[in-house]
Amino acid sequence: MGRQKRWALGLLAAMLTLTMYGCSGGSKGTSPAGPGASGNEPASEGGKKEKVSLNFIRWSNGPALDAEEKDKVKRFNDSHPDIQVNMTLLPWDETFKKIELSLASGTPVDLFYWDVPAYAYYKKGLMANLQPYFDRDLDMSDYDGKLFEPFKFDGQNMYVAPENYQTLVLYYNKDLFDKAHVAYPTADWNWDDFLNAARKLTVKQGDKTVQFGTTMSLGAWWGWMALSQEQGGSLTDNIHDPQKLTFDTPQTRNALQFLQDLIYKEHVAPDAAQANALGGDFMTGKIAMYVGGDWDLGTLKDTKNLHWDMAPMPKWDGKRVVPYWMGGYAMTSKTKHPEEAWQFIKWTMTDNQETLAKQQSWIPVSKSALEKAKLPEWAPKGYEEARFAWKKDAVIGDIYQLNWREAQDKVISPIDDQIFANKISVEEGLKQMEQQVNEILAKP
């Protein structure tokens, strides 16, 4: 699911800004001098304002989403003749190396797309505090401010401007449910209903399973933690800079054991070898249902000969927890053009939200934009309920700590793999995870 800097304006820049704000919709329409105003205004000759160029780095999300991002930047540039946003698309694992190099150079990047590795920039003071701009320019009644709280890294100020939400939903193959005479999933389903259906939807031919009821799509930490949280479990009380996490709890053991049992006790989900033998996942038509990101819609909606619908994630003993993530833009504190960078960020949160809602690739953060959007023709049954009614059950699927990425790569993912390969018990895996993760988090 992931995801800035300080600006300065002199008096002339502030006056120019007044004009720009007057042309921009979706904001309060106020334009005091910019936060931390001082210098750096666009150069001008003979009264004509010189176009400001902004360097923007983000990672590639595949051809379809990249095309939408390119179109977004083009529409902003077309509607803001004094600003030129130059976007560089990179593979995810190269993006943050490139940003880091840029910030250490004499030509720092102005904008970047947020993800968790960038938390290190915040800790080093390389991300701008956006709260003064939020206070000045945004009508927060159009947003679910509580969902934005994770981006207040210091507990008070926004350092990332959310543009969209992402969440998890349950996808199911209608043809396989119909063939097995199993009722479709509903919002009332709990995990026992999920398991009972998966049993009926698993098909064997001799000793070989040729169709599985589900798949191990909740194997990432935020997947099994949601099941733990539904029982009252938690890794930490504070997702910002935790120095210790608690893995080895009854709730988390129950959650991981439930998932491991899907493979080795219930035999309704494939292990790694069986998954490879199937030749793919849900798209093969041999998996009856799975919990996946709503970002999978971009692929599924164009799929031929696969009849599928959606439902909310099941509950545990009547309680549902749905992980969510936010995509958004950040500004580096080294930008020489903070006010222009903010113009782009603000536009993504305001003017562009209706376009985002129509595209249906991401969930817009603007409530009014979402209300205006019509359901797409391709929307399956359960689309609105699964994709838009999760906010009351939402828990952020991120932790912000300098060493969290290292802990995931070196400890959590490898132990997850061992658990789901049945090479280690859930209890032993969680004990090792708790000890080793906390050793990493404690490093300076």
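Reader: Hi! Which strand does E6 pair with, and in which sense?
Author: Strand E6 (residues 161–173) pairs with E9 in the antiparallel sense, over five bridges. Two strands count as paired if DSSP finds at least two bridges between them. Helices (H or I, at least four residues) and strands (E, at least two) are DSSP runs, numbered from the N terminus.

Reader: Is this a predicted or an experimental model, and how are residues numbered?
Author: This is a predicted model, where local features need pLDDT of at least 70, side-chain atom pairs count only at pLDDT 80 or more, and totals for chains, interfaces and linings use all residues. Residues are numbered from 1 along each chain as its sequence is written, and side-chain values use heavy atoms, with hydrogens and water left out.

Reader: Thanks! Back to E9: what is the bridge partner of Leu170 there?
Author: Leu170 has Val291 as its bridge partner in E9.

Reader: And how many residues of E9 are buried?
Author: Five of the five residues of E9 (residues 289–293) are buried, so the strand is largely enclosed by the rest of the structure. Buried means under 20% relative accessible area, exposed means over 50%, and partly exposed is in between (1.4 Å probe, protein chains only).

Reader: What about the chain overall, how much of it is buried?
Author: Buried residues make up 53% of the 444 residues in the chain. The chain has 18 helices and 13 strands.

Reader: Are Phe153 and Tyr159 buried or exposed?
Author: Phe153 counts as buried at 4% relative accessibility, and Tyr159 is buried with a relative accessible area of 10%.
Author: There is also an edge-to-face pair, Phe258 with Trp316, at 5.9 Å centre to centre and 70 degrees between the planes.

Reader: Where do Phe258 and Trp316 sit in the chain?
Author: Phe258 is in helix H10 (residues 250–264), while Trp316 is in the loop between strand E10 (308–311) and strand E11 (322–331). They are 58 residues apart, so this pair links distant parts of the chain. Both Phe258 and Trp316 are buried.

Reader: Nice. Which rings form a cluster?
Author: Ring pairs link Phe56, Trp59, Phe76, Trp92, Phe96, Tyr113, Tyr329, Phe344 and Trp347 into a cluster. Arg58 lies over the face of Trp59, at 5.2 Å from the ring centre. Arg58 also lies over the face of Tyr113, at 3.9 Å from the ring centre. A charge sits over a ring if NZ of Lys or CZ of Arg is within 6 Å of the ring centre and within 35 degrees of the ring normal.

Reader: Let's go back to H10. What span does H10 reach?
Author: H10 has 15 residues and reaches 20 Å from its first C-alpha to its last, close to the 21 Å expected at 1.5 Å a residue. The expected span is 1.5 Å times one less than the number of residues.

Reader: And what covers the buried residues of H10?
Author: The cover includes helix H8 (191–201), helix H9 (221–230), helix H17 (404–420) and helix H18 (426–441). Contact means heavy atoms within 4.5 Å.

Reader: How many residues of H9 are buried?
Author: Nine of the ten residues of H9 are buried, so H9 is largely enclosed by the rest of the structure. Its buried residues pack against H8, H10, E11, strand E13 (394–396), H17 and H18. H9 is followed by Gly232, whose phi is positive, near 100 degrees.

Reader: Which residue other than glycine has a phi near 55 degrees?
Author: That is His267, where phi is positive. His267 is found in the loop between H10 and helix H11 (272–278), and at 46% relative accessibility His267 counts as partly exposed.

Technical notes
Phe/Tyr/Trp six-rings, centres within 6.5 Å; stacked < 30°, edge-to-face > 60°.
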